[in-house]
Amino acid sequence: MPIWNAEYESMARADLAELQLRRLKSVVAWVYERVPHYREALDARGVKPRDIKSLTDVRLLPFTDKTALRDTYPFGMFAVPMEQVVRVHSSSGTTGKPIVVGYTKGDLNTWTELTARIASAAGVTSHDRVQMAFLYGMFTGGWGMHYGIERVGATVFPAGAGNTERQLMMMRDFGTTALVCTPSYALYIAEVAEQSGIDLVSSPLRLGLFGGEPSGEGMRAEIERRLGILATDNYGLSEVMGPGVSGECEHQCGLHMAEDHFLFEVVDPETGEPLPEGEEGELIITTLTKEAFPVLRYRTHDLTVIDTQPCACGRTMARMRKVRARTDDMLIIRGVNVYPSQIEDALLQVEGVEPHYLIVVDRIGAMDSLEVRIEVAEDVFSDMMADMVAFTKRVSDRIQSVVGLQAKVTLVEPGTIERTAGKARRVVDNRPTD
Ligand code: DLL
């Protein structure tokens, strides 16, 4: 499979390190001169741009977290005057003010290059007809992927998210070969197709580029089977750029990171101390080439492991393991640490459970309760009624063995767990926050 930009994506790692150092020095100088927040944070640590002499000197720099971006809302972290900003996006935060990010013309060019790389890594070529079913708008998913796919030369259908019947009509009438959306929306599309008697497996659809939310291997297998496609996982975040930060190649063995444009570290989320390669920790990202909205050591809260071993595809860019959890989505239930992804894995190990679920946590008296609402396939559902007790017990035993907690498993009518065209909401925590 051709590599979009082999000069960079397959560069010798020693040359890459040199390039990264050169760029790191320049971004530190850039923000020190232009962004009061960074100048103050560096001064407070007694660090000057000239102190950056090696890549590990990145550790001299302060971390940046969401708070700094919120406190400077909306444009206080921009490093260029507004007349050089040609696009603004914002994060999908559900509460309070969003985080606002900006792009210069140069930033948009880089972004397009990086999303072209991940589209190409998944196998998209100029022969493909790509249906974009990410939300367009302030979300980075739609516009970010859109331009990269165009740059590859494929034909883009900018459908946007939602209106699933129309998505299916377009797929059939336009001969869509690749679908781009969140994994949960891909499953919903599969479900509506099945209900409408549309056979996507034998349609021209052959690829799926998914991302924007966590999904495990069980979920991927389900999507690949029901849509008859190869599905790649793509990661990114608005604060750093959007999609294009990392993405899988056709080997699906970790997400290649755009290391020529970002410096990645993995740290212990508690202490902030760097961890050796191969250990799981929080991903920290420093942008190396962004002009309008550079970030130093941004705390993503996403947990992953980095691997610099060469990949069979020929890319030398290191790979990060699929992000399954965030440091801040861990639930502590009766003192036990539980990640929603563990529950998803447990559920998908039980035959007949559909990949739609909702985790409901509550407090009854002084006791935390964990309820997992699941759906089973329509045909199974009717056969199941007599056997429901045995079935839910099987699911709850599975959860118990994976997370070590007794959960109440509730079987709900097929189709009643909320479907979304964007990012799925998997957890409702009703416990008081005191
Ligand atoms: O979700 C950017 C994006 C759009 C990436 C489309 C890929 C495709 P935000 O809305 O700012 O940006 O959300 C960023 O979503 O910190 C992760 O916690 C999560 N996330 C994004 N992609 C993945 C993924 C976009 N592939 C936050 N796997 C990140 C797991 C992901 N989590």
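Two strands pair if DSSP finds at least two bridges between them. Strands (E, at least two residues) and helices (H or I, at least four) are DSSP runs, numbered from the N terminus. Keep both definitions at hand for this tour.

The model is predicted: local features need pLDDT of at least 70, side-chain atom pairs count only at pLDDT 80 or more, and totals for chains, interfaces and linings use all residues. Residues are numbered from 1 along each chain as its sequence is written, and side-chain values use heavy atoms, with hydrogens and water left out.

**Stop 1**

Select residues 281-287 and 298-304. These are strand 11 and strand 12, and they pair in the antiparallel sense over four bridges. Now find Ile284. Opposite Ile284 stands Arg299 of strand 12.

Strands of a sheet pair through backbone hydrogen bonds, either parallel or antiparallel.

Next, click on Arg297, in the loop between strand 11 and strand 12. Its phi is positive, about 45 degrees, although Arg297 is not a glycine. Most residues other than glycine have a negative phi, and most peptide bonds are trans. Is Arg297 buried or exposed? Arg297 counts as buried, at 4% relative accessibility. Buried means under 20% relative accessible area, exposed over 50%, and partly exposed in between (1.4 Å probe, protein chains only).

**Stop 1: Asp260**

Go to the loop between strand 9 (255-257) and strand 10, where Asp260 sits. Asp260 is buried, with a relative accessible area of 1%. Which residues does Asp260 touch, not counting residues up to four places away in sequence? They are Tyr8, Leu16, Leu19, Arg23, Arg117, Leu288, Thr289 and Met317. Contact means heavy atoms within 4.5 Å.

**Stop 3**

The order is 4-3-5-6-7-8-9-14-13, and the pairing is mixed. At the edges are strand 4 (155-157) and strand 13 (306-307), each pairing on one side only.

Zoom in on strand 5 (residues 178-181) and strand 6 (residues 207-211). They run parallel, joined by four bridges. Ala178 stands opposite Leu207 in strand 6.

Move on to strand 7. Strand 6 and strand 7 pair in the parallel sense over five bridges. Phe210 has Asp233 of strand 7 as its bridge partner. Six of the eight residues of strand 7 are buried.

**Stop 2: the ligand**

Stay with strand 7 and show the ligand. Which element gives the largest share of the shell around the ligand? Strand 7 does, with five residues. Helix 6 (140-152) and strand 7 (230-237) each supply at least two residues of that shell.

There are 21 residues around the ligand, and Asp233, Asn234, Ser238, Asp302 and Lys423 come nearest. A residue is near a molecule if one of its heavy atoms lies within 4 Å of it. The shell divides into seven nonpolar, eight polar and six charged residues. Here Ala, Val, Leu, Ile, Met, Phe, Trp, Tyr, Cys and Pro count as nonpolar, Asp, Glu, Lys and Arg as charged, and the others, Gly among them, as polar.

- An N or O atom in the side chain of Asp302 is 2.6 Å from an oxygen atom of the ligand.
- A polar side-chain atom of Lys423 is 2.8 Å from an oxygen atom of the ligand.
- A polar backbone atom of Gly212 is 3.1 Å from a nitrogen atom of the ligand.

Of the 600 Å² of accessible area that the ligand has on its own, the protein covers 94%. Accessible areas come from the Shrake-Rupley method with a 1.4 Å probe.

**Stop 3: strands 1 and 2**

Select residues 87-90 and 100-103. Strand 1 and strand 2 run antiparallel, joined by four bridges. Arg87 stands opposite Tyr103 in strand 2.

Step back to Pro74, in the loop between helix 4 (66-71) and strand 1. The peptide bond from Tyr73 to Pro74 is cis, with omega near -5 degrees.

**Last stop: Leu348**

Finish at Leu348, in helix 10 (residues 340-348). At 25% relative accessibility, Leu348 is partly exposed. Leu348 and Arg398 are 50 residues apart in sequence and 9.8 Å apart in space, C-alpha to C-alpha.

Notes:
Polar contact = N/O pair within 3.5 Å; in protein donor to acceptor, adjacent residues only side chain to side chain.
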